[in-house]
Amino acid sequence: MRIHLLAATALVATLPLAPSAALAKGSLNMICAADVKWCELMENMFEKSHDIDVNMVRMSSGEAYARIRAEARNPKTDIWWAGTGDPHLQAAQDGLTMEYKSPKLSELQPWAQHQAEVSGYRTVGVYSGALGWGYNTDILQKKGAEPPKCWKDLTSDAYRGEIQIANPNSSGTAYTALATLVQIMGEDQAFDYLKQLNENVTQYTKSGSAPVKAAARGETGIGIVFMHDAVAMTVQGFPVKTVAPCEGTGYEVGSMSIVKGARNLENAKTFYDWALSADVQSKAVEADSFQIPSNKDATVPPQAPKLDEIKLIDYDFAKYGDSETRKALLERWDREIGSIAK
């Protein structure tokens, strides 16, 4: 099921519009799981156009899920914006987020609407991007190593000590990579592969985008990340090139959820609707964010990886966003990979 082929289903009648910005006052407590530069842009734009003070905390997707779960009995967070869709789906299944059908829903791409549907409208897609890696051309040239084209290439001795990837417990990016490899290879074969890959990994970072930032700085040769994060490094002038794996790759539907029991519910709905608008999503490029926006009328950055040209797997969001599946995979990763990590 390719992302651009997901069929839109009939939408339930939309709810009335949230209160206008002119009537909305007070504060909004937000967890942002995108790159910090994009988080700050969203915070500043929203505050300038609304009479609402945003208290924003930046976290990786896995950390965001853990925080919201820990707060379940006494929620302090109102809205969770961005980050990979799997933990958003897990939060929805766990009853940590609330159903909300935005009046903007019909403006969204089919894959963003599908994310809402499979979650019981407890989350929604805000952007998408494919998994791959970015490599530092200078480092590989100095080592005399050919650029890796496929997942299998990354286990080559040529890249010993030159790969970084995030920890899937904290990073949605790395969990997407783990789930992708399981879907491509089968679970046992995927973990055998990860053990081989571990021989070349120097660090399992907390943040999903950190590996390619390290590659851009010349601290490592290859960062396994979402491709748009590698593109951002290239646009900023670093010697980084982006690769889509030849065997195929997974993708994310970055999502947004309102926390069940939100103290500032109307303000959360106001932000939710605002964040789904075409104008707001078109501003992402100002923060060097090159994801595919979910609003059909938003401007797609010309540098964004073209999903139609990437071999995407039929990523099973329902299965790999399931609490039990996610827990089992992470426990196995801790047992078999985390325990031997350098």
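Let's start with charge: this predicted model carries 35 positive and 42 negative side chains, and the centres of the two sets lie 2 Å apart. Here Lys and Arg count as positive and Asp and Glu as negative, with His and the chain ends left out. Each charge is placed at NZ of Lys, CZ of Arg, CG of Asp or CD of Glu.

**Overall build**
- You'll find 13 helices and 10 strands in the chain; these are DSSP runs (helices H or I, at least four residues; strands E, at least two), numbered from the N terminus.
- The C-alpha trace spans about 60 × 40 × 35 Å along its principal axes.
- Of the 342 residues, 58% count as buried, meaning under 20% relative accessible area (1.4 Å probe, protein chains only).

**Confidence**
- The pLDDT, the predictor's confidence in each residue from 0 to 100, averages 93, and 93% of the residues score at least 70.
- Over residues 1-24 the pLDDT is below 50, yet this stretch has 48 contacts (heavy atoms within 4.5 Å) beyond near neighbours in sequence.

**A look at proline 75**
- Proline 75 sits in the loop between helix H2 (61-70) and strand E3 (79-81).
- Its relative accessibility is 12%, so proline 75 counts as buried.
- Leaving aside residues up to four places away in sequence, proline 75 touches Val259, Lys260, Gly261 and Arg263.
- Proline 75 and lysine 260 are 185 residues apart along the chain, but their C-alpha atoms are separated by 7.6 Å.

**Ground rules**
- Residues are numbered from 1 along each chain as its sequence is written, and side-chain values use heavy atoms, without hydrogens and water.
- Local features need pLDDT of at least 70 and side-chain atom pairs count only at pLDDT 80 or more, while totals for chains, interfaces and linings use all residues.

How values were computed. Buried means under 20% relative accessible area, exposed over 50%, partly exposed in between (1.4 Å probe, protein chains only).
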